[in-house]
Amino acid sequence: MLSIKVLGPGCANCRKLEEIAREAVASLGVDAEISKVTDMQQIIAYDVLKTPGLVINEKLVSSGRIPTPQTVAEWIRAAS
């Protein structure tokens, strides 16, 4: 099972990134656990300077932007 984390304080961009991650998981039909990390100390531990951030299997793949669902799907494919 993939571990996907959306890093951010809960702003609109963070919610949008979570939607995109869920959409990508559903389109690929993979088994993944999507969680939100809102604690700034945990976010900083991933070396995220700008939110939202996206972590797949403990690897930071994006920060400070909202990637397309296709891009997130590619990252998920590469991680599985």
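Which residue of β4 does V55 stand opposite? V55 stands opposite L60. The model is predicted, and local features need pLDDT of at least 70, side-chain atom pairs count only at pLDDT 80 or more, and totals for chains, interfaces and linings use all residues. Residues are numbered from 1 along each chain as its sequence is written, and side-chain values use heavy atoms, with hydrogens and water left out.

**View 1. The open sheet of four strands.** The strands follow the order β2-β1-β3-β4, with mixed pairing. At the edges are β2 and β4 (59-63), each of which pairs on one side only. Direction ignored, neighbouring strands of the sheet are turned by 20° against each other on average. Helices (H or I, at least four residues) and strands (E, at least two) are DSSP runs, numbered from the N terminus; two strands pair if DSSP finds at least two bridges between them. Axes are lines fitted to C-alpha atoms, for helices over the stretch in contact, and angles run from 0 to 180 degrees between N-to-C directions.

View 2. β1 and β2 are parallel and share six bridges, and I4 stands opposite I34 in β2. β1 and β3 run antiparallel, joined by four bridges; here the bridge partner of I4 is I56 of β3.

View 3. Buried means under 20% relative accessible area, exposed over 50%, and partly exposed in between (1.4 Å probe, protein chains only). The antiparallel pairing of β3 and β4 has four bridges. Two residues lie between the strands of this hairpin, and N57 takes a positive phi near 50°. E58, in the loop between β3 and β4, also has a positive phi, near 65°, and is a residue other than glycine. E58 is partly exposed, with a relative accessible area of 47%.

View 4. Helix α1 (residues 12-28) has 17 residues and reaches 25 Å from its first C-alpha to its last. This is close to the expected 24 Å, where the expected span is 1.5 Å times one less than the number of residues. Its buried residues are C14, L17, E18, I20, A21, A24 and V25. Seen down the axis of α1, they fall within an arc of 160°, so they line one face of the helix; the arc is that of the directions from the helix axis to the C-beta atoms. They pack against β1 (2-7), β2 (32-37), β3 (53-56) and α3 (69-79), where contact means heavy atoms within 4.5 Å. A12, A26 and S27 are exposed on the other side of α1. G29 follows α1 and has a positive phi, near 70°.

**View 5. The surroundings of K5.** K5 lies in strand β1 and counts as buried at 18% relative accessibility. The side chain of K5 makes polar contacts with the side chains of Y46 (3.0 Å) and E58 (2.7 Å). A polar contact is a pair of N or O atoms within 3.5 Å; within protein, one must be able to donate a hydrogen and the other to accept it, and residues adjacent in sequence count only if both atoms are side-chain atoms.

**View 6. The loop between α2 and β3.** D47 is in this loop and has a positive phi of about 65° although it is not a glycine. At 64% relative accessibility, D47 counts as exposed. P52 is also in the loop between α2 (40-45) and β3. A cis peptide bond joins T51 and P52, with omega about 5°.
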